[in-house]
Amino acid sequence: MHVLLTRTLDDSKDLIQTLKSNGFKVSNLPLLEISKVNHDEIKTNNFNAIIFTSSNAIKFLDLKSIDKNILCFCVGSSTEKTARSNGFQYVYAADGNVRNLKELVQQNLSAKDNKVLYVSGEVVSYPLDRELISEGYNVVRLINYTVKHNENLDLSFLESLK
């Protein structure tokens, strides 16, 4: 069986290896291009918690100056794995749903006297920062990556898939 993966190669490496070791033929054709967004430097030591809604948010963040003992909230297990592999010690993960992530933050962090850094892509499916702010949280959103459609598809590769 031939499997076509459409995520970036970095996001597909583990799955490619697993599929190939189980006898599958695997091709990779990323449909999205994910790139870093330049932003003003932010003093991360001013925050009590950090929220990541994707592994890309972690990938494109300068992690050297961040205290890895900060409370870290992740949208799902893949993002949690990336956070832990980058040294974060106190990681909470929702089940891949941003609304559940909001509840997880509310259950584990009081709105009073806490400042939260929310690191995300340019486009989000749910206004997590606005929702938390409406609940009394002090949230600063940092946009550190953007996503666009891959317009440079290899036509010969597409033909070979047919």
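## Strand pairing and a crossover

Two strands pair if DSSP finds at least two bridges between them; helices (H or I, at least four residues) and strands (E, at least two) are themselves DSSP runs, numbered from the N terminus. In this predicted model, strand β5 (residues 71-74) and strand β6 (residues 90-93) pair in the parallel sense over four bridges. Within this pairing, Leu71 stands opposite Tyr90 in β6. To get from β5 to β6, the chain passes through helix α3 (residues 77-85), and this β-α-β crossover is right-handed. Right-handed here means that, with the strands pointing away from the viewer, the path from the first strand over the helix to the second runs clockwise.

## How to read the values

Residues are numbered from 1 along each chain as its sequence is written, and side-chain values use heavy atoms, with hydrogens and water left out. As this is a predicted model, local features need pLDDT of at least 70 and side-chain atom pairs count only at pLDDT 80 or more, while totals for chains, interfaces and linings use all residues.

## The chain as a whole

Stepping back, you will find six helices and eight strands in the chain. Their order along the sequence is β-α-β-β-β-α-β-α-β-α-β-α-β-α. Taken along the principal axes, the C-alpha atoms fill a box of roughly 60 × 30 × 30 Å.

Of the 162 residues, 36% count as buried. Buried means under 20% relative accessible area, exposed means over 50%, and partly exposed lies in between (1.4 Å probe, protein chains only).

## Aromatic pairs

A pair of aromatic rings is described by the distance of the centres and the angle of the planes. Rings of Phe, Tyr and Trp (its six-membered ring) pair if their centres lie within 6.5 Å; planes under 30 degrees apart count as stacked, over 60 as edge-to-face and the rest as tilted. Searching the whole structure gives three aromatic pairs. One of them joins Phe52 and Phe88: the ring centres are 5.7 Å apart and the planes stand at 70 degrees, so this pair is edge-to-face. Phe52 sits in strand β4 (residues 49-52) and Phe88 in the loop between α3 and β6, so the pair links distant parts of the chain, 36 residues apart. Both Phe52 and Phe88 are buried.

Phe73 and Tyr92 bring us back to the paired strands. Their ring centres are 5.2 Å apart with planes at 15 degrees, so the pair is stacked. Because Phe73 lies in strand β5 and Tyr92 in strand β6, the pair ties together parts that are 19 residues apart in sequence. Phe73 is buried, with a relative accessible area of 0%, whereas Tyr92 is partly exposed at 30% relative accessibility.
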